Amino acid sequence: MTFYELENICKKRKRKIRIILLFVFVLLMILLYFGWKAVLLEENKQSKKTIKKTVNKIKKKEIKRKQKIQKPQNTKLLPLIDLELNERIKRTVKIKKEKSVKTKKEKTNTKQKDILQSSNIPSFKTCINLAKKYFEMQDYKNALKWAKLANIQNKKNPASWILSAKALYKQGKKEEALKLLKIYNTYYNNNEIKKLIKEINEN
Amino acid sequence: MLNKLINEFRDTVNIDDFFSYFNFEIVKEEIISSKNNLIFLLGSPGSGKTFMINYLLNKFPDKYQKFERDDKIEKGKTLLIDEAQLLNDEEIEKLRVLSDTGVQVLFAMHEKEGENIIKKPQFYSRYYQKIYMKPLNYEEFEKYAVKKFEKNGYPEIIDKKITKKIYKYSKGNFRLSKKILFTALNLLDFSLRNKLKYKKLDKCILEMALIDLELK
């Protein structure tokens with residue numbers, strides 16, 4: 001072979017080698033790129049999981065805190081009659097007992113349940129209206145009585161609580177009145193109740 | 001331009017072009033000190049067997065005689081037979097019988113053929129010695145090549161990378177190394193005479209030489 005023929009063959013071979021090397025290099029880069037992406041994706045997933053866990057932990061803690069703050073000893077708001085305020089209330093309960101002699105045989109924990117089961121109590125509206133009338137007449141005992149009966153019918157309505165508190169206050173039982181209102185306030189936010197608490201405190 | 005340098009690497013056996021290397025010295029000593037009547041000097045083609053024979057004939061003419069078919073064999077001299085694989089069985093047998101009379105005979109031949117002859121019972125049962133011509137190591141080859149270039153005033157046209165590459169392909173074989181250098185220098189000479197871009201033995205020139213010799 002001549003010099004030039006040999007030179008051409010030599011150059012062709014070099015070109016081939018360079019192309020092969022370039023191809024291998026590009027392949028390696030592509031593999032590295034996808035490998036790096038896969039690693040990043042995994043890291044992201046793991047980080048998301050850890051974030052979720054921490055967020056859930058925080059939420060649980062907050063819920064527990066709230067529950068501690070919000071939960072009174074009794075989870076449900078008891079009616080006024082179940083709240084131990086004074087002896088006079090107990091007497092009124094006793095009077096009601098005589099009426100419901102028939103139901104004594106049944107196993108009941110409280111006398112209030114007997115009253116609740118009776119159908120002789122008028123509706124909430126009539127009880128409240130009667131309580132208001134007695135309050136206006138300054139008959140605070142009867143006003144209290146009818147307010148409690150109204151409360152039996154609907155313990156959530158603040159009107160019965162307000163009237164009872166007012167009646168107690170007029171009878172000179174300021175602390176008991178405040179106690180009633182505060183108990184209601186822990187369960188339900190009511191502006192009237194809050195106002196009344198302020199007024200009673202300010203006298 | 002590089003004619004003298006190119007001639008240094010011609011495929012000739014020139015005693016004046018003697019280059020001493022480790023294996024050569026060992027083989028020489030073994031041959032000189034051998035007491036066996038049958039000596040087999042074995043090696044691959046181009047490993048230096050013929051050179052060794054010519055060297056011994058030149059340096060010790062009283063002790064050694066080259067085998068020629070019709071020549072008389074002188075007493076007290078060791079008979080040196082080159083390319084002994086070319087002898088026919090009858091001739092080999094005659095020489096074996098001669099060795100039994102007390103004449104020391106040295107057979108220089110290719111390794112494979114030599115091993116086959118030794119395996120024959122008439123040789124195997126006799127006292128014989130096998131001596132192997134081994135290739136150069138890299139340092140020896142580099143020394144040999146650079147010395148040649150320096151001797152002819154062209155030390156700058158060869159470097160270590162090129163010698164390493166040549167050694168890689170020749171594996172220390174004398175003849176093959178000379179052949180590669182001979183071819184490469186011819187190509188370089190052409191480039192220099194025609195004022196082409198190649199000014200020294202570089203990768204390109206070497207690649208072209210290897211392609212021409214079908215080694216690559």
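Predicted model: local features only at pLDDT ≥ 70, side-chain atom pairs only at ≥ 80, totals over all residues.
## What counts as buried

A residue is called buried here if 20 or more other C-beta atoms lie within 10 Å of its own, and exposed if 12 or fewer do. Keep that cut-off in mind for helix H6 of chain A, where Ser160(A), Trp161(A), Ile162(A), Leu163(A), Ser164(A), Ala165(A), Lys166(A), Ala167(A), Leu168(A) and Tyr169(A) are buried.

## Chain A at a glance

Read from the N terminus, its elements go α-α-α-α-α-α-α-α. Of its 203 residues, 18% are buried. As for sequence separation, take the contacts in chain A between residues at least 6 apart: 49% of them join residues at least 24 apart.

## Helix H6 of chain A

Back to H6(A), then. How much of this helix is buried? The count is 10 of its 13 residues, so H6(A) is largely enclosed by the rest of the structure. The cover over those buried residues includes helix H4 (124–136), helix H5 (140–153), H7 and H8 of chain A.

The geometry of H6(A) checks out too: first C-alpha to last, its 13 residues reach 18 Å, close to the 18 Å expected at 1.5 Å a residue. After H6(A) comes Gly172(A), which has a positive phi, near 90°.

## Helix H7 of chain A

H7(A) covers residues 174–187, and its 14 residues should span 20 Å at 1.5 Å a residue; the C-alpha atoms at its ends are 21 Å apart, which agrees. Which residues of H7(A) are buried? They are Ala177(A), Leu180(A), Leu181(A) and Tyr184(A). These residues take up an arc of only 90° around the axis, so they sit on the same side of H7(A).

The buried residues of H7(A), for their part, pack against helix H6 (158–170) and helix H8 (191–202) of chain A.

## Parallel strands in chain B

Chain B brings in strands. Strand E2 (residues 64–66) of chain B runs parallel to E3(B), with 3 bridges joining the two. In that pairing Lys66(B) stands opposite Leu80(B) of E3(B). E3(B) also pairs with E4(B), in the parallel sense and over 3 bridges. There, the bridge partner of Leu80(B) is Leu106(B) in E4(B). Between E3(B) and E4(B) the chain crosses through helix H4 (residues 89–100) of chain B, and this β-α-β crossover is right-handed.

E4(B) has another parallel partner in E1(B), this time over 6 bridges. Phe40(B) stands opposite Phe107(B) of E4(B). Is E4(B) mostly covered or mostly open? Mostly covered, with 5 of its 6 residues buried.

Leu42(B) belongs to strand E1 of chain B. Why does Leu42(B) count as buried? Because 21 other C-beta atoms lie within 10 Å, and the cut-off is 20 or more. Leu42(B) and Phe107(B) are 65 residues apart in sequence, yet 8.1 Å apart in space, C-alpha to C-alpha. Setting aside neighbours within four places in sequence, the contacts of Leu42(B) are Met109(B), Glu111(B), Gly114(B), Lys130(B) and Tyr132(B).

Helix H3 (residues 49–59) of chain B has buried residues as well, namely Lys49(B), Phe51(B), Met52(B) and Ile53(B). The buried residues of H3(B) pack against helix H2 (22–33), strand E1 (38–43), strand E3 (78–81) and strand E4 (105–110) of chain B.

## Where the chains touch

How many residues does each chain put into the contact? Chain B contributes 7 residues and chain A contributes 6 residues. On the side of chain B that touches chain A, helix H9 (174–193) and helix H10 (203–212) of chain B each supply at least two residues. H10(B) gives the most to that side, with 5 residues. By type, the residues on this side of chain B are 5 nonpolar, no polar and 2 charged.

Terms used. Residues numbered from 1 in each chain as written. Chains lettered and ligands numbered in written order. Helix = DSSP H or I, 4+ residues; strand = E, 2+ residues; numbered from the N terminus. Contact = placed C-beta atoms within 7 Å. Nonpolar A, V, L, I, M, F, W, Y, C, P; charged D, E, K, R; others polar. Expected span 1.5 Å × (residues − 1). Arc of directions from axis to C-beta. Pairing = 2+ DSSP bridges. Right-handed = clockwise from strand over helix to strand, strands pointing away.
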